[in-house]
Amino acid sequence: MLDISRVKTISLDLDDTLWPIWPTIERAEKVLHDWLAAHAPMAAALFSNPAALREIRNHVADQRPDIKHDLSAVRRESIRLALYRAGEDPLLAERAFDAFFSARQQVELYEDAHDALAVLSARYPLVSLSNGNADLKRVGIDRFFRAAVSAREFGVGKPDPRIFHAAAGAVDVEPHEVLHVGDDATLDVIGAVNAGMQAVWVNRDGHQWTYDEPPHATVSDLRQLCALLA
Ligand SMILES: [Mg+2]
């Protein structure tokens, strides 16, 4: 059961909690492919569609445990490898990545997200806690957040308890005073509970909870979260 009296801070997952991530990634991969077609045509030809670029990105993620927590680095290295394999200049990777990265920030918030951020940030300091590479400022929601903690900068990702503790530390509270909110059962909910936090599962698609220890609460969207905390 959620104990609201304990909550001093809310940490929020980003991808698939505030916006759907796959439409964003698909658009960004298309932008990347178009960029390659214009600037490195042999790479665009070898990786003949955005899905082929995703395969090489997944290959790099598997092969490089050293950068796995940093999705920007994984993406940048996958572009470099694609350019190299195609006989194009690997130095183009930075500019190609920039094209991808700008598009990756063009997210479309769930319709409940903006109002919820306004309501929650008026009551609690909010901390973003993400394994992804969204940039709050470029997304346009940085004003709602007191701090941002990412696997990319911290060096390890969720569900490692250390990154949850870093989120609590970023706003000077103890882990048990944090309510973590996220869509991923293992990364968000189980990770937060193991780190000593309370956790709300954002279950937009009506999935079954299949783990032993349940979340402190489950909501189907962020409007419900606001109602729960009201
Ligand atoms: Mg998520």
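Predicted model: local features only at pLDDT ≥ 70, side-chain atom pairs only at ≥ 80, totals over all residues.

Residues are numbered from 1 along each chain as its sequence is written, and side-chain values use heavy atoms, with hydrogens and water left out.

Domains to begin with. The chain is divided into domain 1, residues 4-19 + 109-229, and domain 2, residues 22-104; the bounds come from an automatic or database domain assignment. The C-alpha centres of domain 1 and domain 2 lie 29 Å apart. Across the boundary, 11 residues of domain 1 are in contact with 8 residues of domain 2, contact meaning heavy atoms within 4.5 Å.

How much area do domain 1 and domain 2 bury between them? About 940 Å², of which 39% is on carbon and sulfur atoms. Buried area here is the accessible area, with a 1.4 Å probe, that two parts lose on being put together, summed over both. On the domain 1 side of this area, Asn133, Arg138 and Arg152 supply 59% of what domain 1 buries against domain 2, more than any other three residues.

Between domain 1 and domain 2 there are 2 salt bridges. A salt bridge is a side-chain nitrogen of Lys or Arg within 4 Å of a carboxyl oxygen of Asp or Glu. Arginine 152 also has a salt bridge, with aspartate 70, at 3.0 Å from N to O.

Now helix H5, residues 93-104. Helices are DSSP runs of H or I with at least four residues, strands are E runs of at least two, and both are numbered from the N terminus. With 12 residues at 1.5 Å a residue, H5 should span 16 Å, and its end C-alpha atoms are 16 Å apart, so the two agree. The expected span is 1.5 Å times one less than the number of residues.

Which residues of H5 are buried? They are Ala93, Ala96, Phe97, Ala99, Phe100, Phe101, Ala103 and Arg104. Buried means under 20% relative accessible area, exposed over 50%, and partly exposed in between, with a 1.4 Å probe and protein chains only. The buried residues of H5 pack against helix H1 (21-39), helix H4 (71-85) and helix H7 (136-139).

Last, the salt bridges. The structure holds 16 salt bridges. In one of them, glutamate 177 pairs with lysine 8, with the closest N and O atoms 2.8 Å apart. That pair links distant parts of the chain, 169 residues apart: glutamate 177 is in the loop between helix H9 (161-170) and strand E4 (178-182), and lysine 8 is in the segment before strand E1 (9-12). Glutamate 177 counts as buried because its relative accessibility is 13%, whereas lysine 8, at 48%, counts as partly exposed.

Lysine 30 and aspartate 34 form another, at 3.1 Å from N to O. They are 4 residues apart in helix H1, so about one helical turn separates them.

Arginine 204 and aspartate 112 also form a salt bridge, the closest N and O atoms being 2.9 Å apart. Arginine 204 is partly exposed at 23%; aspartate 112 is buried at 5%.

Finally, Arg76, Glu77, Arg80 and Glu94 are linked in a network of salt bridges.
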